[in-house]
Each structure stands twice: as C-alpha cells, then as structure tokens.
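Here is a short report for a first look at a protein. Please take in the sequence and structure, then read on.

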Amino acid sequence: MAKLTSEKVSKYFKTRIHDFPKSSVTFIKDKFPFIQWLPKYNRTWLVGDVIAGITVGMLVIPQALAYAKLAGLPLEHGLYTSFVGLISYFLFATSKDVTIGTTAVMSQLSGQLMATYNVNTGLSPIVFSVSLAFFAGLVETFIGLFQLGIIVDLIPTPVIAGFTTGAGIQIIIGQFQGLLGIPGINTNNAAYQVLIDTVGSIGKLRFDAVIGLSSLALLILFRLSTYYFVSKGHKWFQWVGQAANGVTVILFIIISYFVNNGLAPKDVKFRIVGNIPRGLNYFDVPSFQNLPKVAPAIGSVVLVGILEQIAVAKSFGRINGYRPNANQEIVAVGLVNTIGSLFGGFSATGSFSRSSIKSRSGARTPFSGIFTATVVLLAIYVITPVFQFIPNATLAAIIINSITDLLSRPATIRELWEIEVFDFLSFLIALLATIFSSIENGIFTSVAFALIVLLYRVARPNVHALVRDESGGWIGYEEIKQENEIVSVKSSPPGVAVFRVEESLTYPNANYVSDNVKSWIQANTKYNGKIKETSEKLWCEDSHNISEKNIVIASNIWFSDSEILLNEIPILTAVVFDFASVNNIDSTGLQTLVDIRADLEKYAGGHVSFYFAHVRPQHQHILDYFYQLDSKHDVVPVVLNDQSVDSSSVDELRKGRIFRTIDQAVAAAAKGVNSPTSSDTQSIDSKGGSVLNV
C-alpha cells in the first residue's frame with residue numbers, strides 16, 4: 001500500500017489551489033446550466049418554447065388552485081407556488097421538459113402532514129406549510145450539492161409505482177366528498193375510512209353533486225374524444241384535450257356567476273372558492289424557531305420531492321434523447337422550494353401531467369417555463385376576481401381527472417408479477433400501505449421493504465457448482481437441471497470442485513456462501529478426515545458413523561445416474577472459485593475463505609488447494625493475505641498488525657493460484673502445478689471429469 005507522505009499532501013493542495021479558478025468556473029456553470037445554453041438561443045427554439053409555455057400555463061392555473069385546496073391552504077398560494085417555481089427552475093434546470101410546481105401527491109402529503117404535526121404548534125396552516133417547504137428545500141439542496149442523490153437509486157421503480165398508485169387512489173377517494181358536496185368528512189383519515197364515511201353520508205348530497213358530476217363527465221368526454229380522434233390520425237385534436245381543464249373551469253365559472261352572483265356566502269346554491277386576493281401579497285423569511293415544529297415532517301417531503309423530480313426528469317430525458325443531471329435536479333427542486341417559500345409557496349416538485357404536455361407541445365429549452373410563469377402572473381394580477389366563482393366541486397373533478405394518469409395499469413402490474421415476484425410484492429406493499437394508512441407511512445413502509453429486498457439479494461446470492469457444457473463453457477449444474485432437453489455436460493476433474501459466486505463476497509453474505517460451498521462438498525465428496533472417538537467429539541458434532549455417511553453420498557452424488565462404489569467417491573483436493581461477478585471483497589469475506597479452507601482440509605484429511613479465476617486486479621492484493629495465512633490465523637489482526645510481506649513470494653503464489661480463465665485454474669488444480677501450459681488447459685477435455693447426460 002502506498003504511504004501518505006508530506007510531499008504528496010503538499011502536492012495535492014498545490015494542485016487544488018492552482019486549479020481553483022478553473023474549477024470554480026466549472027462549478028458555477030454546472031449549478032447554473034442556463035449560462036451554457038442561453039447564449040445559443042435562437043428563433044426556432046423561441047417558437048417551440050412560446051407554444052409549449054402558453055399551453056402548459058393554461059393547465060397550471062386550474063391545477064394550482066385545485067392542489068392548494070388539496071393542501072388545505074388558501075387557493076392563491078397554489079398560484080404563488082407555481083409562479084415562483086417556474087421562474088426559479090429556469091435558472092437551475094437540466095431538463096427542458098420538467099414543469100415544477102404544485103402536484104397532487106405532494107399537496108395531499110402536505111395537507112396530511114399539517115393535520116398530523118400542526119396540532120399544538122401555534123402555527124397557522126400557511127406558516128407551517130411555508131416553513132416546511134423552506135427547510136425541506138434546504139435539505140434537498142444539501143443532498144444535491146454533496147451529490148448524495150445515490151439514495152434515490154436504492155428505491156426501485158415498482159416501489160415508486162405502488163406508492164404513486166396508492167396515493168392516487170387515496171386522493172380520488174378523498175375528493176368524493178367535494179365532488180358530491182358531502183360535509184363533515186375528515187379526508188386526512190386512511191383512504192378506506194374516508195370511503196366508508198363517504199358512503200355512510202350519501203344521504204347528505206347537495207346540489208354540488210350536479211356540478212361536480214357534470215364537470216367530471218365533461219372532462220372524461222374531452223379525454224375520450226381526444227383519444228379517439230388522435231388514434232384516427234387527427235393529431236391536432238390533442239390541443240383540444242390539453243385545454244380541457246381550462247374550458248371546464250371557464251364554463252362552470254359562467255354557470256356559477258349566473259347562479260350565485262349577488263348572493264351572500266351562506267345563500268349560494270353550491271359551494272364556491274370565494275374571494276382570492278389579487279397580486280403577490282406574501283413575502284416572509286421563515287423563522288428558524290419553527291424548525292423543531294416542522295422537523296418530523298421534513299423527511300417524507302424531501303423523499304417524495306426528490307423521487308418525483310428525478311422520476312419525471314429521467315423519464316422525459318429518456319423519451320427525448322438527453323440525460324438530465326440527477327444531483328443538479330435535486331439542487332433545483334431544493335432551491336425552488338427554498339425560494340418559493342419566501343413568497344408563500346408550499347412544497348413543490350416536478351409534475352408528470354404538465355411535463356408530459358410540455359414535452360408533447362414542443363418545448364425546446366427550460367426557457368419555456370418563463371412563458372408559463374408569465375401566464376400564471378397574468379392570472380395572479382388580472383383575473384383573480386373571476387376565480388371566486390369557481391365551484392369547489394369543479395376543482396374536485398379536475399383533481400380526480402388529473403390523478404388518473406398516476407395510476408398503474410393492470411397490464412403493468414401483471415408484468416411485475418411475471419418478471420420478478422419481489423418487484424410485484426414491493427408494488428403491492430407500497431400500494432396497500434398508502435391506501436390503508438397515509439402517504440407518509442406508505443413512503444417509509446415501501447422504502448423499508450425495498451431496502452430489505454436489496455439486503456436479501458446481497459445476503460443470499462447464487463452460488464453455483466459449475467460443470468462444462470458441450471460448447472466448453474462453465475455453467476451451473478442447477479441451470480442445466482431446469483432445461484427440458486437432454487444436455488451432455490462434463491464434470492470437473494475428480495477431487496476438484498468449481499464454484500461461481502454471483503455477488504460480492506462481503507459480510508452480509510459470507511456465511512451463506514460458506515454454508516453453500518461446504519454443503520455441496522460434503523454431499524459430493526468422500527469424508528477422509530480423522531475419525532474421532534465419541535469421547536473426543538465436541539457436543540455439537542454429528543455422531544453418525546462415517547461409513548454410513550459415505551454410503552449416503554454414494555447413492556445421492558449429483559453426477560451419477562446410478563449408485564456407485566464407495567471407492568469411486570472422490571476425495572476433495574482442490575477448489576476453484578470463479579470471481580467474475582465478485583465486485584468487492586471485505587475482511588469478513590476474506591476470513592470466510594480462510595475458514596472454508598480450514599474446514600475443508602479437516603473434512604478431506606489433507607491439504608486442499610485453492611485457485612481463483614477472473615479476479616479483478618484491485619482484489620489480488622486481498623487474496624495475498626489469504627495465501628499468507630494458515631488456518632489458525634484470523635484476518636483482521638494480521639491486517640492491523642501490518643506484518644511485513646515478502647513481495648516476491650506473494651507474486652509467486654499469485655502466479656500459481658490466480659488465473660484469467662476457469663480452464664486455466666482447473667488445469668492447474670487437476671495437475672497440481674503452478675503454471676499450466678496450453679496443453680494442460682486442453683487436457684481437461686480429454687482427461688477431465690466424466691461425461692454426463694442430464
């Protein structure tokens with residue numbers, strides 16, 4: 001191992017100081033990507049951005065109002081969140097398609113967290129939500145700046161799909177009371193409880209139900225008509241579908257105006273949103289004294305915000321042929337939330353539905369968000385007086401219609417079952433935990449299960465005993481047994497066992513690998529160790545007669561189609577490990593190899609040689625310790641004591657025991673020599689193990 005000297009330390013810092021100006025410029029360009037592409041902006045890009053920006057703007061306004069209501073906040077805060085989010089994201093974006101702002105899942109989560117944690121804090125709903133967005137944004141920014149976005153990679157797609165589907169179902173059920181005008185339903189309860197309460201109160205229907213069901217029917221008609229005409233080749237009709245929310249809101253504003261204009265709030269025929277103040281009327285820096293009050297809610301907001309943002313950015317990057325920077329996207333969503341909270345914005349992240357429309361509308365750069373923000377700003381300052389006549393039931397219909405895009409299709413769920421059972425279970429647990437509890441609990445339950453599955457896969461890798469097939473390749477015997485057709489294979493030479501470990505050899509799986517290797521050898525080779533008297537045995541040792549054991553082995557040995565004689569059972573002389581899939585070896589894994597050798601030598605009654613194939617260069621020095629140690633030493637004390645190593649002897653051992661291919665390693669094991677020649681390698685075919693028909 002190279003020593004760390006003062007000269008190396010000095011050289012390192014001199015290099016960093018010398019490169020500081022250049023690296024600083026690079027850092028600024030990375031964190032403000034618009035610096036690189038804005039100077040190249042042209043008219044062609046402008047046309048696409050204007051069309052996409054205005055189109056998305058018409059969708060943002062009704063959704064911002066609806067999602068603010070979902071979060072339990074005054075409706076204008078949905079507009080504040082969207083406007084500031086669009087302006088801020090332009091500065092930090094690496095995706096041209098993502099539209100940041102209010103989303104259904106984040107809004108529902110914010111409302112549930114406020115109901116859970118803002119009970120005795122003394123904070124108003126606005127202050128709690130704004131403070132939560134501010135501090136969650138700081139955490140997200142920290143994660144992105146220090147490139148900790150790898151945590152998102154630990155959460156598989158089925159978990160995200162199950163969570164979003166469960167959240168979508170929960171949101172839809174929660175909107176039934178608004179759609180039908182049923183009062184007194186606590187929508188922060190679990191989805192099943194909300195559904196039970198809604199059905200039980202069906203007799204309390206109001207005239208709102210007529211407005212809500214009519215709004216929903218119109219939105220569904222738009223959706224189905226768009227699908228029909230586009231499928232018939234009328235691509236222009238997709239613009240009609242994208243205007244569905246805006247047209248529905250305008251139509252029912254007109255109806256509401258003629259029905260409710262001039263009536264006192266208590267006399268209106270159906271519930272409307274009421275007065276919305278004009279302009280940006282909020283600016284405040286959240287107090288750090290609020291941090292302890294919102295701290296319990298930060299984790300789930302950060303996790304959902306990052307998951308949605310990265311999922312949206314990667315999805316549309318893949319569709320449109322570019323690769324967004326995941327860590328920079330986390331920085332972007334963090335700064336959007338931090339800056340937005342100063343202007344009354346609550347927690348925001350990337351929107352699937354609006355990003356999809358933005359992508360289809362021909363957005364060319366993140367600058368399209370500026371045109372969307374302009375549309376929202378006009379709504380804030382010009383037409384907010386008109387918004388007071390929007391029926392609550394219409395907003396509920398918009399939410400329900402928008403949420404259907406989040407639900408996983410039955411075909412997708414079936415594919416998860418057919419591809420991988422654990423993926424299906426991850427989806428199912430995320431779905432059920434969200435529906436029967438809350439979005440917050442659904443997040444943590446599903447993520448916990450995903451991590452358990454990940455650890456299980458690491459801790460229980462495939463360990464195959466290898467044989468040669470007709471083409472000369474080494475494959476697992478278990479894989480051949482799964483084939484329906486008869487395959488001719490050749491076992492390894494007598495007394496040589498060949499194994500492939502399909503995972504890193506580290507502390508979670510070391511014992512499992514050891515047990516599998518020793519179990520296979522005990523089941524397929526003859527015991528030739530010392531036969532102890534009963535008085536010599538440990539209390540935990542098997543007391544069966546050794547000859548009886550070998551008879552069992554002879555009748556069940558894996559490479560025989562019929563019972564063989566005891567003297568034909570091979571005695572173990574060598575073990576070959578294929579480390580092609582081993583990406584890491586830690587001290588526990590190394591100790592396991594030492595322990596395996598010790599146990600096998602006791603079992604075989606003599607020296608057992610170990611050979612390795614496909615060892616990565618960075619792992620060869622780790623195996624040096626294995627060859628230096630005898631079976632009575634532990635790995636860690638040797639490493640820590642820094643004993644001197646004779647490099648020449650280590651190189652010689654490495655040359656004789658570590659090979660590029662399995663054939664070379666098996667040839668060396670069969671011949672018992674250190675440097676196999678090409679003829680040795682080929683002799684395996686002619687003189688190697690017995691030919692089998694499986």
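Gln147 sits in the loop between helix 6 and helix 7 (150–153). The model is a predicted one. Gln147 has a phi near 55°, a positive value in a residue other than glycine. Most residues other than glycine have a negative phi. Is Gln147 buried or exposed? Its relative accessible area is 56%, so Gln147 is exposed, the cut-off being over 50%.

Helix 6 itself spans residues 125–145 and holds Phe142. Phe142 is partly exposed, with a relative accessible area of 45%. The C-alpha atoms of Phe142 and Val331 are 7.5 Å apart, yet 189 residues separate the two along the chain.

## The whole protein

The protein has 694 residues, and 50% of them count as buried. Its secondary structure includes 29 helices and 10 strands. The accessible surface is about 33,600 Å². Carbon and sulfur atoms hold 60% of that surface.

How much of the contact set links residues 24 or more positions apart? Among contacts with a separation of 6 or more, the share is 79%.

## Helix 8 against helix 19

Helix 8 covers residues 157–180, and helix 19 covers residues 421–436. Their axes come within 7 Å and cross at roughly 25°. Angles under 35 degrees count as roughly parallel, so helix 8 is roughly parallel to helix 19. The crossing is right-handed.

Which residues meet here? On helix 8 they include Pro158, Phe163, Ile169 and Gln170. On helix 19 they include Asp423, Phe427, Leu431 and Ile435. The residues of this contact divide into 10 nonpolar, 6 polar and 1 charged.

## Helix 3 against helix 12

Another pair is helix 3 (residues 43–70) and helix 12 (residues 244–260). They pack at an angle of about 60°, with axes 8 Å apart. That angle makes helix 3 oblique to helix 12. The crossing is left-handed.

Helix 3 brings Leu59, Pro62 and Gln63 to the contact. Helix 12 brings Asn245, Gly246 and Val249. By type, the residues of the contact are 3 nonpolar, 3 polar and no charged.

## An enclosed helix

How many of the 10 residues of helix 28 are buried? The number is 7, so helix 28 (residues 662–671) is largely enclosed by the rest of the structure. The buried residues are Ile662, Asp663, Ala665, Val666, Ala667, Ala668 and Ala669. Gly672 follows helix 28, with a positive phi near 70°.

## A buried lysine

Lys518 lies in helix 22 (residues 510–524). Its relative accessible area is 17%, under the 20% cut-off, so Lys518 is buried. What does Lys518 touch, leaving aside its neighbours within four places in sequence? Lys518 is in contact with Asp599 and Leu600.

His614 is found in the loop between strand 8 (609–613) and helix 25 (617–628). His614 is not a glycine, but its phi is positive, at about 60°. With a relative accessible area of 32%, His614 is partly exposed.

Terms used:
Residues are numbered from 1 along each chain as its sequence is written. This is a predicted model: local features need pLDDT of at least 70, side-chain atom pairs count only at pLDDT 80 or more; totals for chains, interfaces and linings use all residues. Side-chain values use heavy atoms; hydrogens and water are left out. Axes are lines fitted to C-alpha atoms, for helices over the stretch in contact, and angles run from 0 to 180 degrees between N-to-C directions. Helices (H or I, at least four residues) and strands (E, at least two) are DSSP runs, numbered from the N terminus. Angles under 35 degrees count as roughly parallel, over 145 as roughly antiparallel, 65 to 115 as roughly perpendicular and the rest as oblique. A crossing is left-handed if the near helix is turned anticlockwise from the far one by less than a right angle, and right-handed if clockwise. Contact means heavy atoms within 4.5 Å. Ala, Val, Leu, Ile, Met, Phe, Trp, Tyr, Cys and Pro count as nonpolar, Asp, Glu, Lys and Arg as charged, and the others, Gly among them, as polar. Buried means under 20% relative accessible area, exposed over 50%, partly exposed in between (1.4 Å probe, protein chains only). Accessible areas come from the Shrake-Rupley method with a 1.4 Å probe; for residues, only the protein chains shown count as cover.
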